[in-house]
Structures are given as structure tokens and as C-alpha cells.
Amino acid sequence: MSLDSITQNIDDAVSDFFDPVATTVGDIVFYTVPVGDADLPLIVAWLVIAGLVFTGWFGFVQARKLKLALDVVRGKYDEKDAPGEVNHFQALTAAVSGTVGLGNIAGVAVAVSIGGPGATFWMILCGLLGMATKFVEVTLGVKYREEHADGTVSGGPMHYLPKGLAERFGSGGAKLGKVLAVLASAMILFFGLFGGNLFQTNQSYAQISSTFGGEDGFLASSAGAVLFGLLVAVLVGLVLLGGIRSIASVTSRLVPAMAIMYVVACLVVILTNVTAVPDAIGSIFRGAFEADGVAGGIIGALIVGFQRAAFSNEAGIGSAPIAHSAVKTKHPASEGLVALLEPFIDTVIVCTMTALTIVIANPASWGEAREGENIGGVTITSDAFATVLPWFPHLLTVAVLLFAFSTILTWGYYGLKAWTYLFGRSKVSETTFKVTWSVFVIAGSLLSLDSLISLADSALFLLAVFNIIGLYLLAPVVKRELNSFLEFVRARGAGAGAEAEGTEAEVVDAPQR
């Protein structure tokens, strides 16, 4: 029996067993309600409402403190003796590498196919709201992180939910927090193995095998698949062995490079068709409020845009605080401010560039997809690049590989922290996880396991339900931490003029610890 038939049998067996489970759980997690002529997934509404609430609660922190966030990233408020493992910039790039991925390339293409150009407007708006949610969860992640004797740290919802709720509500909060922490760890681990690992390898392998050689090429063979999986597994394993310092060292170079490369490629397509830019921007705004010919009309475009942004930047999911918690700082809110840049980079910049490229290039496959043809998102984006230069899809392949690799690295770190919370931090425990993670990398080049990936998506967004409940309950803690950091900024002589006045007012109004 050939390797191809073996893997196909495994795929079929897994699908037959898990399809009913994945469908049932997916129907619950992504339950929809009719809004006009469209269907709104309640989990998307839950995430968007959280963004609205926290934007109001913290007085549009994503706009008022954007300059301060940039100052923190470039090290203006660093302290030499601060606990942690990586600097603010490295923590940001590590977290961004977990969100900027295939969703920014393929998912956006699907969004503008279903919701039309107008979905882009709502996607941007949702990304801006998500900045406030990200600020809240990362501030909590740093405040309640666990510092180990060897200098490493662990953070995330599995730490701030039990510790924060116990601090605010006593023994009852501690019990609830413990249950939520175990559930959060299990869901992060499950999604990490299948969505953050196997799916990324599978899709990047599919892209590189189709670009270089096609169905008849060596890479499309079983041997090529195994070789690709082994190569990625070795590279990932070598980086994971170094922990978050090693991951941050790689992502701090890889993320800016891949983002710049991808954005420049988009700009080439846009500038080549510069005369079409005004019409494209106009169609985005018109489509957001008119959406003629789009399923569900304006509401349909809004829902698709919000859904894509929520799936892309993961604000409120609870994953990013794990990476950000490793930052060197004494002020949790400082990293919270840094984290609010993450949805801006992921959604407002990268996703918007993808959407603009597709709308401006207007490839034939996009038109076919809008007519109802089942065309993959990566294909649409690739075709948009190909309208300028035939070799652009090869550049896109490189971008896909880099995005996928960085996502595997970051989710490997997330998965490790979830694993050690559940099974302990012993050497045997950590080694077991790293071996398991590498095996899943290899399996990803051979197996699709669509039903398990669908189930993993459900697990990740179910985590948002528990996580955001905790964020609401712990928001006063975040308010105090923000005021504390602003006081520190003022004491350092920063924030002259209007910024200083705003800081002083907030500090005066701050509740006492």
C-alpha cells in the first residue's frame, strides 16, 4: 500500500469519526441569528461588542495613546532591571507572527468575494475596535504572569483568570478561575496542534507544491511531502528549543521582513494600476453602505468584514497575552499599549492591503468567486499578483511560507505554555510536547484532517467566551495599571503639553489600590 493511500485512509477515517462532532460543536459555537437578509454568528457579535465596550471604557485608548505605544515599542521607557525575557519590540513581533498568516492572504479574498469591496471598510472598523480588547487582555497577561526561578515567565488566560478572579472575588472567584484556566489551556493546546500547526504546514505545502512543479512535480509526491514536512519540523524544533528568546529573535527579524515584502508586493500591484485606485477606494466606501448585489446587502458586508477581522487579529481570544507576558517590564499596561498595535498591523494594514490589491487588480477568479464559484482565497490573491507580473505568485508563495512558519513558531510557544500548565514544567513534559509538535508538523504535509481543524476553530472561539467574561470582571484592574503607567511616564518627564494634562487628569481620577 502506498503512502498516499495510507494518508488518504487516515484522512477518511478521521473525517468519518469527527465530522459529526465538528459539525455539532461548530453549530453551537458559531450559532447564527438572522439580521436582515444575513446571518450573524453570535461569537462575532460577542467579540465586536467587547471591542466597543472597552473602547468606551478606556476612552478610545487606541487613538489617544497610539503615540505613547510607539514610544514604548522603540524602548523609550525601558528599565534595565525589569523582569522578563524579551523587549517590547520582540514581544510584539512574536505575537504578530501568530496572527499574521494565511488568513490575511486567503481569508481576506474570501471576505471581498462574499461581502464585496465594502467588507473591507467593516473589517478595518472591527480591527480598530479590537485594539482596545487586545490592550485589556495583554495588560492582564503581564500583571498576573508567573515568574519562574530560571528567569523564564508564563502568562496568558490560564494565569490571569484564576489569579485575577481570586484577587477580586475571593475563594469563589478562585474556583471559577481554576476551571476556566483548565478549559483555556485545553482549547489553546487543541487549536495549536491542529490550527496553528498542522493546518499551516498543510496549506503552505499545498501552495509550494502547486507553484513549483504542479501535480507532476517532485514536491507533489509522497516523498516530496515527507521531505518538506521534515525540513519544516527540524527548523521549528531548533527554534523552539531556545524558548521565547529564540522565537522572539527569529520573529523580530522575520515578521518585519515578511510584512514589508508582502506590503511592497501589494503596492507594486496598486501603483501599476494607480489610475484605478480612486474607483477602488470609492467602491469600498460605497459597498460598505450600499452593498448592492451582495448577499445580505449592507448587513451582509458588515458581518463578513467583522467576521474576517475577528478571525484574523484574534483580539479577545486570549492567545496573544501568552507571548506578550514574556516582556521585560515593571508596568503591565506598557505592554498592553504595545499590544494594541497588533490588530492595527494585522487588520488595518496587512488585510487592507490584500483587499485593495484584489479590488484594484480585479482578477477573473475574483469575479467568478463573486458569482458563486468555489475558488480558494489564495488562488484569488495569487491571480491578483499575476495580473502585474507572471512571477508574482512565486513571491506570494514565499510570503505564505514565511507567514506559516512564523505562525507555527508562535503557536508552538502558546501550546507549550498550555501543555506545561496542564502537565507540569518538567524536562520530560516539555520534551514530550516538543516532539509531539514536530510530529504534527510532518503530519501536516501529508494530512488535511479538515474536520479536526474545523473543531479546533470552534475550540479557539469558545475560549473567547470565557476569556472576555474574565476581561469584563477584571477591567478595573486594567484601569489602575494604566493610570500607574501614565504616572510613571509623567515622572520620567514625558508627555509634555496636552499629553501631560491628560495624564494628570487620569491619575487624579485613579482609584486607590
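Is Phe285 buried, partly exposed or exposed? At 45% relative accessibility, Phe285 comes out as partly exposed (buried is under 20% relative accessible area, exposed over 50%, partly exposed in between, with a 1.4 Å probe and protein chains only).

## Ground rules

This is a predicted model, where local features need pLDDT of at least 70, side-chain atom pairs count only at pLDDT 80 or more, and totals for chains, interfaces and linings use all residues. Residues are numbered from 1 along each chain as its sequence is written, and side-chain values use heavy atoms, with hydrogens and water left out.

## The nonpolar patch

Phe285 sits in helix H11 (helices are DSSP runs of H or I with at least four residues, strands are E runs of at least two, numbered from the N terminus). Together with Ile281, Phe289 and Ile298, Phe285 forms a nonpolar surface patch of about 360 Å² accessible area. Helix H11 (residues 277-289) supplies the largest share of that patch, 3 residues.

## Val100

Now for a loop: Val100 lies between helix H5 (88-99) and helix H6 (102-114). Val100 counts as buried because its relative accessibility is 3%. Leaving aside residues up to four places away in sequence, Val100 touches Met258, Asp346, Phe403, Ser406 and Thr407 (contact means heavy atoms within 4.5 Å). Cys351 is 251 residues away from Val100 in sequence, yet their C-alpha atoms are 9.0 Å apart.

## Pro41

Pro41 belongs to strand E2 (residues 38-41), and is buried at 7% relative accessible area. Its C-alpha is 5.3 Å from that of Phe30, 11 residues away along the chain. Beyond four places in sequence, Pro41 touches Phe30, Tyr31, Thr32, Ile303 and Gln307.

Terms used. Patches are made of residues with over 30% relative accessible area and no salt bridge: like charges are joined within 9 Å, nonpolar side chains (Val, Leu, Ile, Met, Phe, Trp, Tyr) within 5 Å. Accessible areas come from the Shrake-Rupley method with a 1.4 Å probe; for residues, only the protein chains shown count as cover. A salt bridge is a side-chain nitrogen of Lys or Arg within 4 Å of a carboxyl oxygen of Asp or Glu.
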